[in-house]
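Biologist: I am new to this structure and would like a close look at a single part. Please start there and then take me around the rest.

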Amino acid sequence: MTKAIPQPKTPRLNVTLAGLRLRTPLIAASGIWGYGEEHVGSPQIDHLGAFVLKTTTLHPRAGNPPGARTVETPAGLVNSIGLENPGLEAFLAEKLPRARELGLPLIASIAGATVDEFAEMAARLDQADGIAALELNISCPNVEKHGMAFGADAESAAAVVAACRARWRNNPLIAKLTPNVTDIAEIAVACEAAGADAIALVNTFTAMCIDIRTRRPRLGANFGGLSGPAIRPAAVLRVYRVAQGVKVPVIGMGGVWDAEDALEFIVAGATAVGLGTCLLAAPEKPGEIVRGVREFLRRERIASVRELIGSVKLNSAE
Amino acid sequence: MEPAHARLLCQLALEARERGFDIWASAAYRAAMQRTCRSAPRFVADTDLDHRCYGLLRQLGHIGMLWLDGSRVVCRLEALSAGAPSSRFPGPERVRCLILVDQFEQGNALRREGWAVMRSRDLAAYLRRVPIAQPLSRAARDAHAEVMAVEPCGEESYRLTLASAFTAEAARAGQFLLLECTTSAERRAFRRAKNRPWKAHTGLSVDPKLPLLRRPFGFHRFSGPDYAPERLAEEPPFASSLAAVIEPGRGATFEVLFKVVGRGTRALAQMRPGEKLSLRAPLGRPTDIRPDLDSAVLVAGGMGAAPLFALAQELRRRGLTVHAVLGSLNAASAPVRPAEFESIGVHCVLVTEQEDGVLVTHYLKLHLRQMTAGVTEVFACGPTAMLREVTRIASPAIPVQVLMEQRMTCGMGVCRGCVVRMRSAQDAPVYRTVCRDGPAFRAEEVAWEELAATVG
């Protein structure tokens, strides 16, 4: 009789996010890969756990006037696209059916100018098939509050979440927060109390680039949002603070470029990690990161990535 | 010509094109086609049927000429370039090029040259054995290219020769690539610094000194037997004689031209031969070349000459008369010398602002009429103000296509970063992306008044 040699098990990467089963903790963040139609059949899709579709508004939006809409900065990218999208009708009729061919859990992302607009879109999407979760992009300006972002104060953030919760009944509801606030944990707690099943953060940091020769901003729209590796440490802190403050799972993102970066967010408290700017630089990143995470878990003899979620140990303060 | 038969052949050609074949027919047919279609303005033919034929031809895009009144189809074998005669039709996966001819003798002549010949009624069944593998424009792919040479040309401009077989073969005139601009030495140095991150996690995932994203560059020059200057310079153009029709042979190398404007292009200028760069290509829509075109006028401002050279190669390969007007500050700063255009049979003139004291648009205004013959089109690439002026001069008498430039991020039309405003009936602006809907746009569709306000 031959003795069975114990085989080292492949570390497990699957996680559960508010009831949503993800085969890997990697999520394509909103906007970067649009509505996914260009990526149907791409091998990189197999390495993702979910796909957040580009933010849709109730009515079509043309976006900001041209001139530069993106500017590269040291280890970062400043953009001001202006939520260019075909509107909810076209989203439901054209974009969503094609995105379903991706074969991934789809997370729809919506933005509204008023709380009612958010609620109306949530109700319409509740009737649609094939949306695994709904993400509220509350970084957009609130028309009723002088254009201040919904996510900039706890009260209006909670109002949006509560209004959508009442109409989006079955699947998880995710609030995506802007980092441009004094205390992001306070806003996350308010969203959780209003019924959010998960918190996603961070959106871009507001930013500006100036051409000193012409004395003009480099972006056509003057101001934009910074993403990419430049913001990662700032994003990790916010993910840590939010994960400490809420009981619901957290989706961490901000400048993830390789496996170590993704793991850093997970250790800080994120259940899943969003990939954004890196997908623009190198579309093969998901595969690379999955291999890197698996390699790390094997070396550290960790059976599942779930063991690492929120495993950060603070140094004892003096 | 029997309309029913003509329609069948058009359909066959479309099917063949969808399967990635190149399709050719003789200049004689082209003349016949023009006679038929010119009878009504803008190529609306006498009968409805013929009009539909023309619609199909337009969809084919790539076709220079197509012979419709015949019943024979000739196919060229990739492996038979040495000329071994064969009477048997090969498996479709080996076929690269179809030629449609009408006369038995021509079919026989081609057969003696090593082409396989089949009747058109058998072609439909034959084609359906081949899956539609390649769309009209090949899907972009990530590839690695080797730097063959970097040479200065003009002021602060460089010519980069890259080798990547897939990219060179798949790219069409007007398309572009996204190129990584870090040297392998820089990448190696960074990897060393980052060394085994799980043992000593440095937290550095990118080098902040290196360019983060890939940069877009238009294809400047294709290589290969079909693009050799001697061949393109032939008069009358080689493509017009049926015996000389060959599959569009491409070499494995291609060139891009660039000007040093930032850290990405600065790094690229310091590349050494042998460096391996990652790239994504072909991106963008190939420039639309109408199948009925007789001549073309290219108008370039500064670096705009770079992509127009590739277009000139393609136009010459199809046997068109091509004029080029290049504009630059002075002769030394012209990135492409007129002699290079002349070497491929293009009538070229360089207009310099400092030495001639005129702009390229002034020259165009005076001489455009003399440069055009038959069905013609203007292709322009350069600063936005120049493109607008070219449009004002030529349009609507002569159709204009403009190759636009815009700061670009994803290259796939997803991030909506590189948009250009189009004319529209509604109040809401309509934007199209340079990277996916362009880089070439029909000038009458561009909202020039709006562009003037936003682009410098």
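Predicted model: local features only at pLDDT ≥ 70, side-chain atom pairs only at ≥ 80, totals over all residues.

Helix α12 of chain B runs over residues 360-371, which is 12 residues. A straight helix would reach 16 Å at 1.5 Å a residue. The end C-alpha atoms of α12(B) are only 14 Å apart, short of that value.

The buried residues of α8(A) are Lys285(A), Pro286(A), Ile289(A), Val290(A), Val293(A), Phe296(A) and Leu297(A). They too line one face of the helix, because they fall within an arc of 130° seen down its axis. These buried residues pack against β3 (26-28), α6, β18 (272-275) and α7 of chain A. On the face turned away from the buried side, α8(A) carries the exposed residues Arg291(A) and Arg299(A). Just after the helix, Arg301(A) takes a positive phi of about 55°.

Now the contact between the chains. Chain A gives 32 residues to it and chain B gives 28 residues. On the side of chain A that touches chain B, α8 (285-299) supplies at least two residues, and so does each of β5 (70-73), β6 (76-79), α6 (259-268) and α7 (277-281). The residues on that side of chain A divide into 16 nonpolar, seven polar and nine charged.

Strands β5 and β6 also belong to a sheet. Four strands of chain A form this open sheet, in the order β5-β6-β16-β13, with antiparallel pairing. Its edge strands are β5 and β13 (205-208) of chain A, and each pairs on one side only. Neighbouring strands of the sheet are turned by 35° against each other on average, direction ignored. At the β13 end, β13(A) pairs with strand β16 (residues 223-227) of chain A in the antiparallel sense over four bridges. There, Met208(A) has Phe223(A) in β16(A) as its bridge partner.

Back to chain B, for one more residue. Gly264(B) sits in helix α9 (residues 263-269) of chain B. Is Gly264(B) buried or exposed? It counts as buried, because it has 23 C-beta neighbours inside 10 Å, and the cut-off for buried is 20 or more. Leaving out residues up to four places away in sequence, Gly264(B) touches Cys181(B), Pro211(B) and Arg215(B). Gly264(B) and Leu179(B) are 85 residues apart in sequence, yet 9.4 Å apart in space, C-alpha to C-alpha.

Last, chain B as a whole. It has 14 helices and 19 strands. Of its 456 residues, 46% are buried. Among contacts in chain B between residues at least 6 apart in sequence, 76% join residues at least 24 apart.

Conventions
Residues numbered from 1 in each chain as written. Chains lettered and ligands numbered in written order. Contact = placed C-beta atoms within 7 Å. Nonpolar A, V, L, I, M, F, W, Y, C, P; charged D, E, K, R; others polar. Buried ≥ 20, exposed ≤ 12 C-beta atoms within 10 Å, placed from the backbone. Expected span 1.5 Å × (residues − 1). Pairing = 2+ DSSP bridges. Axes fitted to C-alpha atoms, helices over the stretch in contact; angles between N-to-C directions. Arc of directions from axis to C-beta.
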